[in-house]
Structure formats: C-alpha cells, structure tokens
Amino acid sequence: MNSGFRVVARSHVGVIRSGNEDAGLASTRVIAVADGMGGHAAGEVASSAVIQTLHESIKHLPHNSDEIEQWFIENVNDAHAHVGDLIVEDPNRRGMGTTLSVLIACDDAVVFGHIGDSRIYRLRNQTLQQITTDHTYVQTLVDSGEITTEEAAVHPRRNLLMRAIDGIHDVSIDVKVLDVEVGDRFLICSDGLTGVVSNERIAQVLFNSDLTYAVSTLIEEALAAGAPDNVTVVVGEYVNQPPEIEEFLVGSADVELVQASVEPATTKSKMWPWIVGGISLLAVGILSFGYWLTNQWYIGENQDFVVVYQGIDQQLGPFQLSQEVFRTPLPTAFLSAIDLENVQNGISQGNLKTAQETVREMAARSPVCIADPSRCN
C-alpha cells in the first residue's frame, strides 16, 4: 500500500485548564484524537491509555478494510479493558473516561471510528463536511427536532456525553468505511476547537496548502477566542506517497510516553543522578524554547510583500528561527514611509489575529490603498 496521510498534529492545554486531558496520535496510516473527561478523576489517564493502546498496535495493522474494522474494534475493547483495570488499581479514578475519533488509511478507502463529541471533518473541493455525529445529550435534542443546531451550541448541557470509553459501561462505537480521493484533507479535533471556532472559519483555514500553518492557525484562533478547554488538532491529507515519518503522540499521551520511557537507575555511581538531571534540564529547556517560539509572531517582508511570520527574526547557527505563515496581498511599495521602515525592522505581534489586524491598519493608512482600495484586497 502506497497511499496514506501527510499529517501534522498539535495539542494545547488552553487558556483556563491547568492540565491537558486531550491526547492525539499521528502517523501515515492512523490519526486519532481522544478527549479525556473526569477532571480530578484522571481524564488524562483515560485518553492517554486509549491512544497508547492504538499506538502500540499499529505494527499489526492490516490493509484490507474488513480486517481493519475488526482490528479497530478489538483495540477499542482492549483500551476499554485497560481503562477498567486502571480504575480497579485506583478507585478514585472512577468517573474518568474519554472520547475517541480515529481515521485509518487502507486500500482506496479510509475507515473511521468514533465515540463521544470529538469530531472528524473532511475538506473536499473546498467543501467542509462533518463526518461524525456527536454522541451528546443536546445532539439527541437536535435529532428529535426539539432544539436547533444554533441553540445546541449554547445549551447548558452541551458537554453531556451519551457515549464514551469509561472502562465500565459497554462501548458502542460508530465504525464505517469512507470513500477517499487523493487530496482529501481530514481534520480530527477535540471540542476545544469546535466549541469556539466556527465551521466556516475552519474550512477557510484548512484550505491553506501548508498543513503546519493550518494546524497552528486553528490552535491560535481557539486560544484567541478564550480556549476554555484543551485544544487538539490533527490534520491529515490523503496522498499517494506519504512522507516516511515515525508515528508520534501529542497531549497527555506524549507526557505518559516520556514518563514511561524513564527507567530506574541500576548503577550506584554518584554521577548518574547528575547526568540524568542535566539531560532532563536540557530537554525541558529545549521543549520550553520550542513552545515559546511557536507563540511568537512578527510582520516582515518577503519578495516585496508584507508577510506574517511565526517565530523570531533571528538565526541560530544555520537555523532560521521563523517561518512564513501568511503572505498578505499588500505590497511593501504601498506602505507609508514609517510603516515601511517598521516592517523592514520587523514588527512583533502577540498572535496571528493581532498580526492580521495590524496589516489591515497599515493598509488603511497606505496612500495607494486609500486612493484605490481594490488594489489592497
């Protein structure tokens, strides 16, 4: 099989939450998101357990769609049992659970599995379609005609799940084979995104050819909107020759993976704790710097146009610490003298949204744009 996903994934704790109960999996054949629930009852444990169960089984993934469906159902049951075992180990975890939304690439099709209110979308020919149906109380009210979709979005019980993987109750999961075309772009996300960013805006962002830009922008816009919940975004584009990547985990699953990989020291050398501590501090420093860098934005220029960059306008050895994420239609030749000088020096911005607003303000001040607004649209 040569087809699969070109994929980018990211998870963020959000603005209000102190911990991340979301988990995600990204690979060329399997992409998934699990949104844990339970708060103090360890929702992050449930989501991590389910995602890691899938991750550990990828090496046994078949290619035929019928066999894939069976593989998926067996792994969901294993994950369900695993969550149950974790509750037996610590009764305080009773009440934890997780959603799960998964896409699996097979021969000329994709298989999706879904339980809960995380969502799968498909963008095809500029049209965004929600593939999954939320397993929530308010969705049952919408289906019965008692309330509208708009009313469901603000209903006080909109987060009440009717189905989840909780290690106790029987698992009822939607499984279906979908047709697929090369170029189809799939989004799997937790409700931390869909609760604050509209489907129309999601479609606009997903249409951008740069997957990294799409994922980063969706996260940033969720944060700018308040992000009261964790936000996890996985975008996979179906291609004939997916790039060779090692599958990776994000969110709570990534934290658990790192913790599980640390073996107790068996040597009695007094230097060993210092070595481990030094490596740990270095790793934390690198991760912290990388996270900080993804939250830096500035406005600069490239090829005579105003450009929004993510990162900082610096180099570390041969590495540029920024990337172009949005080239505006505003030529630098149209700018006022002061704005041109500022752009050439780089204008720091708090996030993508404020950067776009700054560009609009510069366009409004531009003598050329004032004389002929159509030239700057």
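Glutamate 237 touches Gly4, Phe5, Arg6, Gly183, Asp184, Arg185 and Leu211, leaving aside residues up to four places away in sequence; contact here means heavy atoms within 4.5 Å. The structure is a predicted model, in which local features need pLDDT of at least 70 and side-chain atom pairs count only at pLDDT 80 or more, while totals for chains, interfaces and linings use all residues. Residues are numbered from 1 along each chain as its sequence is written, and side-chain values use heavy atoms, with hydrogens and water left out.

At 13% relative accessibility, glutamate 237 counts as buried; the term buried stands for under 20% relative accessible area, exposed for over 50%, and partly exposed for values in between (1.4 Å probe, protein chains only). Its side chain makes a polar contact of 2.6 Å with the side chain of arginine 6, and another of 2.7 Å with the side chain of arginine 185. A polar contact is a pair of N or O atoms within 3.5 Å; within protein, one must be able to donate a hydrogen and the other to accept it, and residues adjacent in sequence count only if both atoms are side-chain atoms.

Nine of the nine residues of E11 are buried, so the strand is largely enclosed by the rest of the structure. In a regular strand the side chains alternate between the two faces of the sheet. Both faces of E11 are covered, with Val231, Val233, Val235, Glu237 and Val239 buried on one side and Thr232, Val234, Gly236 and Tyr238 buried on the other.

E11 belongs to an open sheet of five strands, ordered E1-E11-E10-E7-E8 with antiparallel pairing. The edge strands, each pairing on one side only, are E1 (4–12) and E8 (127–130). From one strand to the next, the twist averages 20 degrees; axes are lines fitted to C-alpha atoms, for helices over the stretch in contact, and angles run from 0 to 180 degrees between N-to-C directions. Two strands pair if DSSP finds at least two bridges between them. Nine bridges hold E1 and E11 in antiparallel pairing, and phenylalanine 5 has tyrosine 238 in E11 as its bridge partner. E10 and E11, also antiparallel, are joined by five bridges, with phenylalanine 186 opposite glycine 236. Phenylalanine 186 in E10 also stands opposite arginine 122, and five bridges join the antiparallel strands E7 and E10. Helix H7 (residues 211–224) packs on the sheet, touching E1, E10 and E11, and its direction makes about 25 degrees with that of E1. Helix H6 (residues 199–206) lies across E7, E8, E10 and E11, running at about 125 degrees to E8.

Across the whole structure, a search finds 14 salt bridges, each defined as a side-chain nitrogen of Lys or Arg within 4 Å of a carboxyl oxygen of Asp or Glu. Arg122, Arg124, Asp179, Glu181 and Asp184 are linked in a network of such bridges. Arginine 124 lies in strand E7 (residues 119–124) and glutamate 181 in the loop between E9 and strand E10 (185–189), so the pair ties together parts that are 57 residues apart in sequence. Arginine 124 also meets aspartate 184 in a salt bridge of 2.6 Å, N to O. Aspartate 184 lies in the loop between E9 and E10, so this pair ties together parts that are 60 residues apart in sequence. Arginine 124 is buried at 17% relative accessibility, as is aspartate 184 at 2%, whereas glutamate 181 is partly exposed at 39%.

Buried residues of H2 include Trp71, Phe72, His80 and Ile87. What covers the buried residues of H2 includes helix H1 (43–57), strand E5 (100–106), strand E6 (109–115) and strand E9 (174–178).

Note on methods
Helix = DSSP H or I, 4+ residues; strand = E, 2+ residues; numbered from the N terminus.
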